[in-house]
Amino acid sequence: QVPFVESGGGLVQPGGSLRLSCAASGSIFRVYAMGWYRRAPGKQRELVAFITVTSSPTYVDSVEGRFTISRDNAKNTVYLQMNSLKPEDTAAYYCNSYPPLGVIPGRDDEWGQGTQVTVSS
């Protein structure tokens with residue numbers, strides 16, 4: 001069973017907004033901080049933001065002030081509200097634990113299918 005199911009991506013004009021959702025396995029969601037990651041064409045996957053179990057958020061500089069990460073512990077779901085989108089935000093977006101499962105001892109390196117965000121006029 002895939003531990004992460006992302007949704008909410010799409011095509012949006014520069015300056016627009018999108019809200020991404022990720023339904024996670026409860027056994028992961030209840031224990032770990034959760035992160036959003038992205039992979040742009042030709043680039044490595046990078047961290048965008050993460051949120052602790054107690055809902056304390058952290059953002060990378062490039063999205064600070066534009067993106068908001070949140071979590072609903074009752075629904076095992078993490079969200080990413082993205083405002084003021086820029087063409088350089090174009091990427092496939094993924095959620096995972098933070099750090100990702102693959103670097104946690106005893107866990108397999110598992111990812112969901114991701115959701116594509118394209119920012120273009």
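Accessible areas are computed by the Shrake-Rupley method with a 1.4 Å probe, and for residues only the protein chains shown count as cover.

**View 1. Surface and dimensions of the predicted chain.** This is a predicted model, in which local features need pLDDT of at least 70, side-chain atom pairs count only at pLDDT 80 or more, and totals for chains, interfaces and linings use all residues. Residues are numbered from 1 along each chain as its sequence is written, and side-chain values use heavy atoms, without hydrogens and water. The chain exposes about 6200 Å², of which carbon and sulfur atoms supply 48%. Its C-alpha atoms fill a box of roughly 45 × 30 × 25 Å along the principal axes.

**View 2. Secondary structure.** One helix and 10 strands are present, where helices (H or I, at least four residues) and strands (E, at least two) are DSSP runs numbered from the N terminus. Along the sequence the pattern is β-β-β-α-β-β-β-β-β-β-β.

**View 3. The largest nonpolar core.** Such a core is a set of buried (under 20% relative accessible area, 1.4 Å probe, protein chains only) Ala, Val, Leu, Ile, Met, Phe, Trp, Tyr and Cys residues joined through side-chain atoms within 4.5 Å. Among its 30 residues, Trp 36, Val 78, Leu 80, Met 82 and Tyr 93 touch the most other members. Elements that each supply at least two residues include α1 (26–29), β4 (33–39) and β8 (77–82); β3 gives the most, with four.

**View 4. Surroundings of Met 82.** Leaving aside neighbours within four places in sequence, Met 82 is in contact (heavy atoms within 4.5 Å) with residues including Leu 18, Leu 20, Phe 67, Tyr 93 and Val 117. Gly 16, Ser 17 and Arg 66 are also among its contacts.

Key
Buried means under 20% relative accessible area, exposed over 50%, partly exposed in between (1.4 Å probe, protein chains only).
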